[in-house]
Amino acid sequence: MNKQAGIGFYIFLVVFVFFVMFPFIWVFLTSIKPPGEIFNNFNWFTADPSLASYENAVTNRPLFRYMWNSFVVSTLTTLIAIGFASIAAYALTRLPIRFKGVILGIILAASMFPQIAIISPIYNFVTAVGLRNSYMGLVIPYITVSLPLAIWILATFFQKIPWELEESAKLDGASPFQTFRKIIFPLAAPGVFTTGILVFIAAWNEYLFALTINTSDEWRTVPVGISFYQSQFTIPWGDISAATVIVTIPIVILVLIFQRRIVAGLTSGSVKE
């Protein structure tokens with residue numbers, strides 16, 4: 001009985017993973033097909049695999065420049081957002097501040113605003129301060145979007161830390177900032193790390209702000225850069241698929257390397273002290 005249940009579970013798991021991975025598998029198979037074969041048939045595999053699409057993806061457009069721009073913008077956004085979010089979440093969960101619930105509710109509501117609703121004032125602000133076609137021109141709106149959600153997520157982790165540790169630090173004469181830096185922040189490191197990964201991936205994949213603010217090809221990020229692969233009369237799906245595979249590899253490697261920390265961060269907040 002147990003053996004049958006185990007087989008059924010693994011069959012379900014294989015089917016589930018297949019459906020989840022199907023778009024990525026199809027994109028990869030498309031990227032190694034000759035351009036003429038992509039439009040002529042819908043076969044899974046090709047009898048004549050080719051890397052021509054990968055060569056075109058990195059030569060016809062400055063793909064590596066797009067990736068570098070995305071990396072710089074995502075890294076700056078993550079560092080700044082996590083820095084401010086950590087301090088704000090600590091203050092809202094560990095310090096005697098009135099109306100904490102109301103403030104956290106407002107922060108959560110701010111994270112629900114659609115990007116299209118705030119693109120106009122942000123665009124006007126970035127233009128007024130002369131930050132269009134620059135890294136900071138994207139970092140500022142990305143922080144605006146990611147900071148509320150980062151504060152809310154980190155607040156759940158800080159609330160799980162035992163109060164006795166903070167009280168012991170106060171008895172030893174530690175200031176609130178020393179308590180945060182030496183005790184609270186290290187204990188919440190899994191949650192901070194997980195939140196940082198989520199912020200980084202969100203900034204890496206963001207499209208609307210990047211399309212609107214950085215219009216120069218030199219400053220475009222990966223999502224916008226790939227969307228400009230199409231020409232006036234044709235859409236080079238092979239080149240687009242190859243570029244998608246190339247830009248996905250760093251994110252996959254990042255998640256695989258830090259998967260234990262990500263899982264630890266996702267589960268630590270659900271464990272009741």
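Helices are DSSP runs (H or I) of at least four residues, numbered from the N terminus.

The model is predicted: local features need pLDDT of at least 70, side-chain atom pairs count only at pLDDT 80 or more, and totals for chains, interfaces and linings use all residues. Residues are numbered from 1 along each chain as its sequence is written, and side-chain values use heavy atoms, leaving out hydrogens and water.

**Exercise 1.** Describe how α4 packs on α10.

Step 1. Take helix α4 (residues 63-94) and helix α10 (residues 189-205). Their axes lie 8 Å apart, at an angle of about 140 degrees. Axes are lines fitted to C-alpha atoms, for helices over the stretch in contact, and angles run from 0 to 180 degrees between N-to-C directions.

Step 2. Classify the angle. Under 35 degrees is roughly parallel, over 145 roughly antiparallel, 65 to 115 roughly perpendicular, the rest oblique. The two helices are therefore oblique to each other.

Step 3. Find the contact (heavy atoms within 4.5 Å). Phe-71 and Ile-82 are among the α4 residues in it, and Val-199 and Trp-204 among those of α10.

**Exercise 2.** Describe how α9 meets α10.

Step 1. The axes of α9 (residues 176-187) and α10 come within 5 Å and cross at roughly 65 degrees.

Step 2. That makes α9 roughly perpendicular to α10.

Step 3. Phe-185, Pro-186 and Leu-187 of α9 touch Ala-189, Pro-190 and Val-192 of α10.
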